[in-house]
Amino acid sequence: MAATHTLQARIIALSHWLDLQIRRLCTLLLLSTTLVLLVGLSLNVALRYLLQGGGLGWAAELPAFLFPWMIAAGIVMAVQQGVHISIDILSQRLGVKGRCALALGVNILIVIAYLVLFNVILTMMEIVSFERSPLLDLPLSWAYAALAFAALGTTLCSLTIALRIALQGQAGLPAALEEN
């Protein structure tokens with residue numbers, strides 16, 4: 001029994017550590033993409049008014065490559081907080097065990113669905129990897145990589161949530177789901 005409890009504690013600690021690393025990566029993505037977009041687009045606007053030839057052509061392509069990464073990081077962080085997919089009407093009518101069972105089932109379905117989605121996105125990335133943007137000369141698969149990151153991040157976060165719910169019950173629910 002003590003060995004099982006120790007194994008469960010290690011799994012829970014590992015899930016929290018993984019969540020922390022994912023949160024740090026997402027925070028870095030949000031801050032860096034926001035900063036690059038803010039500086040790049042502001043510089044473009046300023047130069048457009050200062051120079052007769054216009055602004056920076058490549059700056060117009062920045063949003064197409066950086067916004068998907070901002071959105072992907074936000075999606076993954078929302079999953080960690082339990083606010084990405086929520087079935088509030090049903091979960092409010094359930095008791096603690098029912099809410100945990102529903103959250104566990106939803107998170108397992110999310111893991112399966114997003115693994116399939118991740119695989120599809122990788123295929124799409126191969127298809128568009130030969131196309132390049134005209135000014136930045138980046139492969140168009142760059143934006144699809146953000147979708148792959150969102151799918152994989154959602155999968156990992158849903159898996160850690162499911163593990164915590166399975167091992168801890170209500171204590172394993174994300175804060176947003178506990179409040180319902």
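Helices here (H or I, at least four residues) are DSSP runs numbered from the N terminus. The structure is a predicted model, in which local features need pLDDT of at least 70 and side-chain atom pairs count only at pLDDT 80 or more, while totals for chains, interfaces and linings use all residues. Residues are numbered from 1 along each chain as its sequence is written, and side-chain values use heavy atoms, with hydrogens and water left out.

The confidence of the prediction is given by pLDDT, the predictor's confidence in each residue on a scale from 0 to 100. The chain has a mean pLDDT of 88, and 93% of its residues reach 70 or more. Among the elements of the chain, α5 has the highest mean pLDDT (95), whereas helix α6 (residues 175–179) has the lowest (58). Where pLDDT is low, the predicted coordinates should not be read in detail.

Helix α2 itself contains 20 residues and spans 29 Å from its first C-alpha to its last, close to the 28 Å expected at 1.5 Å a residue. That expected span is 1.5 Å times one less than the number of residues in the helix.

A search of the whole structure finds two aromatic pairs. In such a pair, rings of Phe, Tyr and Trp (its six-membered ring) have centres within 6.5 Å; planes under 30 degrees apart count as stacked, over 60 as edge-to-face and the rest as tilted. Trp 69 and Trp 142 form a tilted pair, with 5.6 Å from centre to centre and 45° between the planes. Because Trp 69 lies in helix α2 (residues 62–81) and Trp 142 in helix α5, this pair ties together parts that are 73 residues apart in sequence. Trp 69 counts as buried, at 12% relative accessibility, and Trp 142 as partly exposed, at 39%. On this scale, buried means under 20% relative accessible area, exposed over 50%, and partly exposed in between (1.4 Å probe, protein chains only).

The rings of Trp 69 and Phe 149 have centres 5.8 Å apart and planes at 40°, so this pair is also tilted. It links Trp 69 in helix α2 to Phe 149 in helix α5, 80 residues apart. Phe 149 counts as buried, at 18% relative accessibility. Trp 69, Trp 142 and Phe 149 form one aromatic cluster.

Phe 149 also has contacts (heavy atoms within 4.5 Å). Not counting residues up to four places away in sequence, Phe 149 touches Leu 25, Cys 26, Leu 29, Trp 69, Ala 72, Ala 73 and Val 76. The largest nonpolar core has 27 residues, and those with the most contacts inside it are Cys 26, Trp 69, Val 76, Phe 149 and Ile 165. A nonpolar core is a set of buried Ala, Val, Leu, Ile, Met, Phe, Trp, Tyr and Cys residues joined through side-chain atoms within 4.5 Å. At least two residues of this core come from each of α1, α2, α4 (96–128) and α5. Helix α5 supplies the largest share, nine residues. In soluble globular proteins, nonpolar side chains tend to be buried together.

Helix α5 (residues 141–168) also holds Thr 155. Thr 155 is buried, with a relative accessible area of 4%. Beyond residues up to four places away in sequence, Thr 155 touches Val 111, Tyr 114 and Leu 115.

A search of the whole structure finds two salt bridges, each defined as a side-chain nitrogen of Lys or Arg within 4 Å of a carboxyl oxygen of Asp or Glu. In one, the side chains of Arg 164 and Asp 19 meet at 2.7 Å, N to O. This pair links distant parts of the chain, with Arg 164 in helix α5 and Asp 19 in helix α1, 145 residues apart. Arg 164 counts as buried at 7% relative accessibility, and Asp 19 counts as buried at 4%. The side chains of Asp 137 and Arg 132 also meet in a salt bridge, at 3.0 Å, N to O. Asp 137 counts as partly exposed at 44% relative accessibility, and Arg 132 counts as partly exposed at 44%.

Helix α1 (residues 2–50) also contains Ala 46. At 36% relative accessibility, Ala 46 counts as partly exposed. The C-alpha atoms of Ala 46 and Ala 162 are separated by 49 Å, and these residues are 116 residues apart along the chain.
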